[in-house]
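Dear colleague,

Please find below the structure that I am handing over to you.

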Amino acid sequence: MEDELRCPTCKQLYANPVLLPCFHALCLGCALDIQTPYTPGVALAVSGGSGSNASGGHNGLHSQANGGPGSVTGVGAANGVANGAGPGTRHSSHSSAASTASSNTGSESVTSDQDQSDKVSIFSEADSGVVCCSNTSRPVSYAGTGQLQGLLQGSVVAPPGAAYCLTCPLCRKLVFFDDGGVRNLPTYRAMEAIVDRFCAREALRCQMCETDPKVASLICEQCEIRYCEPCRELCHPARGPLAKHTLVKPRGAAQQRESVCGEHEETLSQYCLNCKIPACGQCIGEQRHQTHEVQSINVTCKAQKTELSHNLQQLSEKARSTTEFIQRLKGMSDKVTESCMEFERLVHAQCEALIQAIHDRREYLLEAIRMDKDTKIRILKDQQSNCTGKLQQTTGLIQFCIEALKETDSAAFLQVGSMLINRVANTDMTWHQEVTNAAPRVSPIVDLTLDDAALARAIDNLNFIQMKAPMTPTILPTDCSAENNSVTVAWQPPNHSTVEGYVLELDDGSGGEFREVYCGKETICTVDGLHFNSMYNARVKAFNSAGEGEYSELIGLQTAEVAWFTFDPVLSGGAGSGLIFSKNNATVSVEGWEHRVALGSVGFSRGVHYWEFTIDNYTAETDPAFGVARIDVARNKMLGKDEKSFAMYIDRQRSWFQHNSIHERRVEGGITTGSTIGVLLDLERHTLSFLVNEMPQGSVAFRDLYGVFYPAVSINRGVTLTMHTAMDAPKMDYF
């Protein structure tokens, strides 16, 4: 907030601030410093700036009667700056003196010509950057084609009576004054009070204390330095040249005061909504406000405070959200730093791995060169050894023949002469073939070339790609569940990663190997048909065209210990099966003479499972069958008639076990309405047993059952059954 409390000219806290028609503020001393005398008849160029429109045009001029937005109300003499030192007096001696003097022009009357001119005034504050002010309760107005033509041409001719002008340092709008100058500007009381409160809250400190500055008790207007009492006695004694300096107390807390009318010295109690200026009771009674809408100044102030509070609340919400956004940006900056450092480490490691791979390949190639060299040298040595042996043999033959030629005994020479002639001829022939025309078996030059062009191109093309393998998804435990023999796994996509799909894997429920059960773009998946009473571990990974990410952490999901299920109308053949299901598919009946098979909604491949049937209606002489079946069992035959089903069929007196149309082991004991049939499927021992009215119906019915089996019944002729599940298996004393 402190920036709002500093004068745009001196850059210090406001001292006796005055309000310009453009609603910008200046210290009174600063305004006195920057105002300039105006010579009548001199045209001034309009300074371009924020909110100005030097080019004029149709929108550059606005008609304004009796003041209006930006009008300046004369308040008599402005408060001097000498008595309110605040953060220090920063202005020239001329400004200070002028600010302490009272203006005697504040009570000058407004001529009738000015009143008449007000009715046809052209007020150009909004666009042209020109405001005309006087020390009366209304701004000086001007009219005429000369001034209008000047505005359209980009220059300004001051209205009659203008003595001073001032350019706002912020918006560059030009303001004209009469002889009163900037003293005609109203005191910016709200700013003055806020600065007073700010200074009191900040408790201005001594500027001369070396350590632990104390609260300042005095301030020198000439030195612009704050002193505590000990430092004043030490650094600013009241003698010599310093005796002429003015020491005042620092600005204190703002005091409550009432604004008074500059013309009538009455409290400002009303607010003219047309002129948008406060007024006293006498002002309201004057002619210029008789037809205007007037409201209590307190009511107007409360309404504007309410509107400002509402706007501030909206702005505060935006500021709060912006602050949160900045915090997120700061957090992201830290993340960027961490990510870049980690990526630098990864790139460095990858480059080192590539360099190491090149070094390893270099050693391999150099070793291949050395092996080639050894092979060639060995071949050359073998060839050299062979040639040396041949040469030795030939040399020996030559020497022997020379000695034979020295033989003087003709008979002795003739004894070996023919043989030596043949040997020399044969040796000469073989020498020509083996030695003269022989060539080195290997080339002394290495006939290999290192093919590095592809690798060099790959190194040149080595660069980053926008996409990288995705990060690890996060499994959401609160959204995961296990029901009956199915599990549901949900996960959250990885942040800041491009994902094309996910792969969900489950183990076998016994801690075995994982297998893929889902691949797609969804972030939730339900897997059915699992084993009961098993703990399944699940994991998920994301993938894109750049590769696969890491697996998520494991989550364990326990399936139900006992199975809860019903009849499945779809698996039982659908609407054309003739079966009638009721009670949420727990009850089934049929009216026809042909047997119809009804299957349960779950299949079993592991564990011990038990369910029961209650005979709700049994009046005809028929044989309902109970048992298990595979998914592709014949639906229009009695259960047990094909190789896909294992059943017990029973009547009122006895029962038989049946599989693949072979029935055996008749057991006495039948059923009636109200009887219960229990089915015990033990896939740990791979057996199937039956109970009638909670008593075993014979021994084990079937053995060596492997695969997936569904609960099944076959009924006809009005038999009605209800299935009961999620039951504990009974203890059987035989196997």
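A pocket, as the word is used here, is an open set of grid points with protein on both sides within 12 Å along at least five of seven lines, and its volume is the space filled by probe spheres set on the points. Please note that this is a predicted model.

The second largest pocket has a volume of about 1200 Å³. Its lining comprises 29 residues, and those nearest the centre are Ser 339, Phe 343, Leu 346, Lys 468 and Met 471. Helix α8, which spans residues 297-405, is the greatest contributor to this lining, with 13 residues. Sorted by class, the lining holds 15 nonpolar, 10 polar and four charged residues.

Strand β9 (residues 164-167) runs antiparallel to strand β3 (residues 36-37), and two bridges join them; here Tyr 164 of β9 stands opposite Pro 37. β9 also pairs with strand β10 (residues 174-177), again in the antiparallel sense, over four bridges. Within that pairing, Cys 165 has Phe 176 in β10 as its bridge partner. Six residues lie between the strands of the β9 and β10 hairpin, where Arg 172 takes a positive phi near 65 degrees.

As for the protein chain as a whole, 10 helices and 38 strands are assigned. The chain has 735 residues, of which 39% count as buried. Among contacts with a separation of 6 or more, 62% come from residues 24 or more positions apart. The accessible surface comes to about 41900 Å², and carbon and sulfur atoms account for 52% of it.

With kind regards

Methods: Residues numbered from 1 in each chain as written. Predicted model: local features only at pLDDT ≥ 70, side-chain atom pairs only at ≥ 80, totals over all residues. Heavy atoms only, no water. 1 Å grid on protein atoms, 1.4 Å probe; cavity = no way out; pocket = protein on both sides within 12 Å on 5 of 7 lines; lining within 4 Å. Nonpolar A, V, L, I, M, F, W, Y, C, P; charged D, E, K, R; others polar. Pairing = 2+ DSSP bridges. Buried < 20%, exposed > 50% of the residue type's maximum accessible area, 1.4 Å probe, protein only. Contact = heavy atoms within 4.5 Å. Areas by Shrake-Rupley, 256 points an atom, 1.4 Å probe, with all protein chains shown as cover.
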